[in-house]
Amino acid sequence: MRALRKAGAVLALCAAALLTAVAPAVADGKDGKDGLTEAGTNFRTATELDQGEKGTASASTGDYLYWVVPVAAGQIPTVEAKVELPDTAARHGGATWQLDVYDGLRRHQPCTSGSPARRADEQDTSVNLSCTLRQVRSWSERWANDPLPGAYYLRLTVVDLPEQDLGLPIDAEITTTAHDGGGKHADGGELAEPLNPSLRAGTIAEPESEAPDDTGSGTGSADSGEEPPRAVAEPEDGWGSGWWSDRWVWTAGGGALGALAAVGGYTLTRGPRSSGTGSGRPPADG
């Protein structure tokens, strides 16, 4: 009985440790917003969205629609899009719609599940698309195509349709949600900076003037100290989805199983305990 009580105490402590490790991941969630925005037409003009915020667009069939959303390390993002198609009487056939997701380096990221491309028949009134990415890592090797924290571009367009249907009006909406998959320390490393490109990328800084101007100060822009605007603002909780790591959960669970195995093995190998009150020494010879 004493061994069983010890095992119960060990299990209670391990359960408390597991709950403490998992709780921050649930508490880090963020409620979505219902704000409505329009879409951009390329990477540079992509409309910024928060996670859970709905992006909308009234456009023409054939337009490229762009949004950009921040995603933190440890998160698994899911993008969902819906396109309200033109009147069936005005269309001349079916069309294939496609949803693409790119990271801050404009590398195309594959979907692990969902329907990023779908064929809409001529009689359909709408089409739904979705894409769930791999878990965003906190760091990666230079040669890898792993998703990393930062800006993620969402592109929605039609890739196959009758030429006569180009320019017909459509309405689109898109939403990005994410849940925590492993915490920001799950990969054992961290990027120096998130993949969050500057909106002024590609411009050449003006050289600092060697001679003072009329006011006696330099005219160069190097001393302005202004940080160029980024594609997305940093999330309120930073670029890490949580301080915890799922490795800690597995470690605590392994420790609990190891403790149970040790207590059980000791109980089995010790054998039954004598109920007598003697010292346990054999009796002396006569």
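Modeller: The model is a predicted one. It holds three aromatic pairs. In one of them, the ring centres of Phe43 and Tyr66 are 5.0 Å apart and the planes meet at 55°, so this pair counts as tilted. Phe43 belongs to the loop between α1 (2-27) and β1 (47-48), while Tyr66 belongs to strand β3 (residues 65-71), so the pair ties together parts 23 residues apart in sequence. Phe43 and Tyr66 are both buried. Phe43 also pairs with Tyr153, here edge-to-face, with 5.1 Å from centre to centre and 80° between the planes. The relative accessible area is 16% for Phe43 and 4% for Tyr153; because buried means under 20%, each qualifies. Together with Tyr102, the residues Phe43, Tyr66 and Tyr153 make up one aromatic cluster.

Another ring, that of Trp139, has the charged end of Arg137 over it, 5.7 Å from the ring centre.

The model has one disulfide. It joins Cys111 and Cys131, with the sulfur atoms 1.9 Å apart. Cys111 is in the loop between β5 (95-102) and β6 (117-120) and Cys131 is in strand β7 (residues 126-132), so the bond ties together parts 20 residues apart in sequence. The torsion about the S-S bond is about -105°, so the disulfide is left-handed. Cys111 is partly exposed at 30% relative accessibility, whereas Cys131 is buried at 1%.

Terms used: Residues numbered from 1 in each chain as written. Predicted model: local features only at pLDDT ≥ 70, side-chain atom pairs only at ≥ 80, totals over all residues. Heavy atoms only, no water. Disulfide = S-S within 2.5 Å. Helix = DSSP H or I, 4+ residues; strand = E, 2+ residues; numbered from the N terminus. Buried < 20%, exposed > 50% of the residue type's maximum accessible area, 1.4 Å probe, protein only. Phe/Tyr/Trp six-rings, centres within 6.5 Å; stacked < 30°, edge-to-face > 60°. Lys NZ or Arg CZ within 6 Å of the ring centre and 35° of its normal.
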